[in-house]
Protein chains: 2
Amino acid sequence: MPKRKKDVCEIFCYNKKLVDSLKREIIGRGEIAGLSSIFDVLSDQTRLKMIYLLSKRELCVCDLANVLNLSISAVSHQLRRLRDLRLVKFRSEGKMAFYSLEDSMVKDLFKSALSYVQKK
Amino acid sequence: MPKRKKDVCEIFCYNKKLVDSLKREIIGRGEIAGLSSIFDVLSDQTRLKMIYLLSKRELCVCDLANVLNLSISAVSHQLRRLRDLRLVKFRSEGKMAFYSLEDSMVKDLFKSALSYVQKK
DNA sequence: ACCTCATTTGAATACTTGCTCAAATATAAT
DNA sequence: ATTATATTTGAGCAAGTATTCAAATGAGGT
């Protein structure tokens, strides 16, 4: 709970009716948490690159690490985050694990954001 | 620069040809930085709420703070981040500053992500 | 059984970030 | 000018996070 003392303008700009109705509206939007977690997982360059690569072809952990110039461990940690959000799936073949995108929706999000960035 | 010693599987899973071509491909994608910064700014619940609210109506800093139950200062700091990425614009009227969305593309991104979240 | 190798996992560290507090601007009213 | 108010800004703190290191797991090969 943040405390606001005289930090708040209670007389002039505080539009109580509007503020109250907006408060109710915002509280109703439980999706905000879901939204932020999906954007959050996409906010890291390493994970973005992984998603980009995996959207094209299946790759093993080691090759991913080599392409990204990261340690195997770092890649594995990030893959776990992507797995937790069901963005990637994997199949194991012998000792190795091959990862690929779980579904194409992330790819679409990636694409719309890309066109947004390119227009700027 | 990360150092990889024997962490790397150089004999079996390292597919040099593929890795090299993917490396070139990834380096070519300078957009990754832009993508991550747009996703990053959207990865915070406070900023998401602000964007949602501002996409509907123009609001002053103080009312935003009241709706979000945050200090004026916190809101102002976040607004600056949104301004830096040109996601919001503002006009000042007297002592007050009224903010609104700069363009609708973010709104679209917001919407596609929302439908993604809701499908899960 | 043993050894090797690909991957995973937990702990520790260094870096990032959202908020608060205090001070600074800016604009309007007296 | 002085005062009051709406917003901005910079510094500092606390919480979160990406990476590394070391150890654990798991699956084959000998």
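A: In this predicted model, strand S1 (residues 59-60) of chain B pairs with S3(B). The sense is antiparallel, and the pairing runs over 2 bridges. One contact point can be named: B:Leu59 has B:Tyr99 as its bridge partner in S3(B).

S3(B) has another partner, strand S2 (residues 88-93) of chain B. These two strands also run antiparallel, and 6 bridges join them. Within this pairing, B:Phe98 of S3(B) has B:Arg91 standing opposite. S2(B) and S3(B) form a hairpin with 2 residues between the strands. In that hairpin, B:Gly94 takes a positive phi, near 65 degrees.

How covered is S3(B)? Mostly: strand S3 (residues 96-101) of chain B has 5 of its 6 residues buried.

Back to B:Arg91, which also takes part in a salt bridge. Its side chain meets that of B:Glu93, at 2.7 Å from N to O. B:Arg91 has a relative accessible area of 36%, so it counts as partly exposed. B:Glu93 is partly exposed too, because its relative accessibility is 46%. Elsewhere, salt bridges with shared partners link A:Glu25, B:Lys56 and B:Arg57 into one network.

Next, the charged pairs in general. Side chains of opposite charge can pair when their charged atoms come close. Over all chains, the count is 14 salt bridges. One of them is between B:Asp40 and B:Arg81, with the closest N and O atoms 3.3 Å apart. B:Asp40 sits in helix H2 (residues 31-41) of chain B, and B:Arg81 in helix H5 (residues 72-84) of chain B, so this pair ties together parts 41 residues apart in sequence. B:Asp40 is partly exposed at 28% relative accessibility. B:Arg81 is partly exposed as well, at 35%.

Exposed or partly exposed? B:Asp84 is exposed, with a relative accessible area of 51%. B:Arg80 has 48% relative accessibility and counts as partly exposed. The cut-off between these classes is 50%.

Now the two chains together. Two copies of a chain are related by a rotation about an axis and a shift along it. Here, a rotation of 180 degrees, with 0.0 Å of shift along its axis, superposes chain A on chain B. The RMSD is 0.1 Å. That is the relation of a two-fold axis. Which residue of chain A comes closest to the rotation axis? A:Phe39 does, with its C-alpha at 2.6 Å.

The copies meet through the same surface, because 100% of the interface residues of chain A are also interface residues in chain B. Leaving aside neighbours within four places in sequence, A:Ser36 is in contact with B:Leu42, B:Ser43, B:Asp44, B:Gln45 and B:Leu48. A:Ser36 counts as buried because its relative accessibility is 7%, and the buried class means under 20%.

Technical notes. Residues are numbered from 1 along each chain as its sequence is written. Chains are lettered from A and ligands numbered from 1 in the order in which they are written. This is a predicted model: local features need pLDDT of at least 70, side-chain atom pairs count only at pLDDT 80 or more; totals for chains, interfaces and linings use all residues. Side-chain values use heavy atoms; hydrogens and water are left out. Buried means under 20% relative accessible area, exposed over 50%, partly exposed in between (1.4 Å probe, protein chains only). Contact means heavy atoms within 4.5 Å. Copies are superposed by least squares on the C-alpha atoms of residues with pLDDT of at least 70 in both. A salt bridge is a side-chain nitrogen of Lys or Arg within 4 Å of a carboxyl oxygen of Asp or Glu. Helices (H or I, at least four residues) and strands (E, at least two) are DSSP runs, numbered from the N terminus. Two strands pair if DSSP finds at least two bridges between them.
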